[in-house]
Amino acid sequence: MATPSRTVSKSVLAPPAPPTQRRPYTSSVAPTRSYFNTSIGTKVLIGATGLLLFGYLILHLLGNLLVFLGPETFNSYSHLLIKNPLIVPVEIGLGAIFLVHIYKAVTNFIANRRARPVRYHRTAWTGRPSRKSLASSTMIFSGIIILVFVLIHLVQFKYGPEYVVAQGSSEAGVRDLYRLELEVFGNILNVVFYAFCMLVVGSHLWHGIASAFDSLGADHPRFTPLLLRVAKVVAAVIALGFMAIPFWVFFFARQGAVS
Amino acid sequence: MVFDDRPNRTMTLHLLVWRQPNGQTHGKMVPYTAEGISPDMSFLEMLDVVNEGLIRKGEEPIAFDSDCREGICGSCALVVNGRAHGPDGGTTVCQLHMRRFQNGDTIAIEPWRARAFPVIKDLVVDRSAFDRIIAAGGYTSISVGGAPDANTTLIPKDTVEAAMDAAACIACGACVAQCKNASAALFTGAKISQLALLPQGAAERRRRALRMVRQMDAEGFGSCSWEGQCEAVCPKGIKITNIAKMVREYNRAATTGETS
Ligand code: HEM
Ligand code: FES
């Protein structure tokens, strides 16, 4: 230890690295991408579509909670929706938003993985002030589960059995979605599956809501810390709100409807 | 340098170090034992001791970057146990000391890992991608006068502070190293936002945002998922609000064009 260690390290570093690896220090102009293919435009799209889907979830939850008010209220609400001439364009729009979100999120995920071809031998979470959570680390998996869930959900309800019940002024009767719910959620397997999927939705939103605002550039020293908290509460409320329905049907509503 | 050479105070550590002869060959984690390490040594001095041992044995020493060794130049770049710059926040790895570890610990030492930062040798990576991002627009090309002229432009204190916070970046690349997407958004965002905040830089804010983001994307960095691990490992504590600012600057420029 006679020589100062600093000198040793310097001599260790010479000779310099192989020149083959070096790339130029100045850039010629890099190729221009169209806005939505840039890293920023991509995240703007994911964020905007994510927020729109989130908005849809709120409306969907509010509508669905009408089931607690009994078959008449619930069926006339769904009748109003189904028979509305605007329902088809709105559904197409919603489907397009969903597809854009999925396409952009999946291609973005792949591009991000490519940005690190050699993985770390050991990884660690940094802790605060990082927002990394189980939810933020599993966005692609929660997303894929949501996709599978949505498909099953559509088959079970939207394209499910068309029960009709006479109700109100409507001569032909209305679709009895209340009965369908009792039927689907009379099966404990469906209840468990839906409860699990709603936890996954909650997880996606746990990180997603606040992240989407940031992706749109909406960030403020006072409001962002608030948003980070409120977003988690909202995510939990949405997940628990949806979950309440299958459980309520299974444990309470069926008894009344058996006769 | 004063060494505390009381015999019971030296440490033995088990290292796992990434060894890779050059960019064309595959690398692997290689175990080494570091003996006789004083808790008062810095992390890099510990590596120097290991290297002296390797040289004495006629083996190839471990290549790693360092320059100032006082936390200001941004040369040193090691991922220690999965964390860029090691376990302490707000500091570079040259400022990490061995007293932070326990005798007998196993320490994994890896280079920054990103497609845009190819390994040159062992723990040394080529960070010239950052130079090219700066060269694409991280400067002012208009005449803003000499030093005394700075006093003729009045800038609110809060704005100056925000710009100075962003300007603290030493371009070490820890943000990229820690990000799960190997994104350079914090580095690029800090420079875009620093210059956009100040009147001297604001004149070219649109062109700068467009060009720097274009270069950042071309280098093969990932996008931002807002986990903020970059902020947590940044030796200068640069905040991810700078990334949101970059998004706003970029969107404004993308909708109005380079010069308006
Ligand atoms: C009800 C449906 C959905 C809602 C409400 C929703 C909402 C959101 C929101 C708000 C974000 C944050 C956006 C941002 O970071 O800018 C997000 C991100 C994400 N979504 Fe979704 N999403 C849904 C479905 C899906 C599906 C089906 C997938 C994919 C298969 C998916 C994959 C992702 C991924 C991977 C991200 C993270 C992007 C990143 O890491 O930067 N999502 N989602
Ligand atoms: S060597 Fe200069 S910051 Fe670590």
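Is B:C230 buried or exposed, judged by its relative accessibility? With a relative accessibility of 10%, B:C230 counts as buried, a word that stands for under 20% relative accessible area, while exposed stands for over 50% and partly exposed for what lies in between (1.4 Å probe, protein chains only).

## The model and its conventions

This is a predicted model, in which local features need pLDDT of at least 70 and side-chain atom pairs count only at pLDDT 80 or more, whereas totals for chains, interfaces and linings use all residues. Residues are numbered from 1 along each chain as its sequence is written, chains are lettered from A and ligands numbered from 1 in the order in which they are written, and side-chain values use heavy atoms, with hydrogens and water left out.

The predictor gives the complex an ipTM of 0.92 and a pTM of 0.91. For chain B the mean pLDDT, the predictor's confidence in each residue on a scale from 0 to 100, is 94, and 96% of the residues of chain B reach 70 or more. Where pLDDT is low, the predicted coordinates should not be read in detail.

## Chain A in outline

Chain A holds 9 helices and 2 strands, where helices (H or I, at least four residues) and strands (E, at least two) are DSSP runs numbered from the N terminus. Along the sequence these elements follow the pattern α-α-α-α-α-α-β-β-α-α-α. Of the 259 residues in chain A, 39% are buried.

## The iron site

The iron atom of ligand 1 is coordinated by NE2 of A:H101 and NE2 of A:H204, at 2.0 Å; donors are N, O and S atoms within 2.8 Å of the metal (3.2 Å for Na, K and Ca), and water is not among the atoms, so sites may look incomplete. This pair links distant parts of the chain, since A:H101 belongs to helix α4 (residues 87–114) of chain A and A:H204 to helix α8 (residues 188–215) of chain A, 103 residues apart. Both A:H101 and A:H204 are buried.

Why is the arrangement around the iron atom of ligand 1 octahedral? The 6 donor atoms subtend angles of 87 to 179 degrees, which makes the arrangement octahedral, a term used for six donors if opposite donors are over 155 degrees apart and all others between 65 and 115. Ideal angles for six octahedral donors are 90 or 180 degrees.

## Aromatic rings

Over all chains, a search of the whole structure finds 17 aromatic pairs, meaning rings of Phe, Tyr and Trp (its six-membered ring) with centres within 6.5 Å, which count as stacked if the planes are under 30 degrees apart, edge-to-face if over 60 and tilted otherwise. One of them joins A:Y35 and A:F36, edge-to-face at 4.9 Å centre to centre with 75 degrees between the planes. A:Y35 is partly exposed, with a relative accessible area of 23%, and A:F36 is partly exposed at 42% relative accessibility.

Another edge-to-face pair, B:F117 and B:F221, has 5.6 Å centre to centre and 80 degrees between the planes. B:F117 lies in the loop between β5 (106–110) and β6 (119–121) of chain B and B:F221 in the loop between α7 (205–218) and α8 (229–233) of chain B, 104 residues apart. Both B:F117 and B:F221 are buried.

## Cysteines

Over all chains, the structure holds 0 disulfides, a disulfide being a pair of cysteine sulfur atoms within 2.5 Å. For B:C230, the nearest cysteine sulfur, that of B:C224, is 6.5 Å away.

Terms used:
Tetrahedral: all angles 85-135°; square planar, octahedral: opposite > 155°, others 65-115°.
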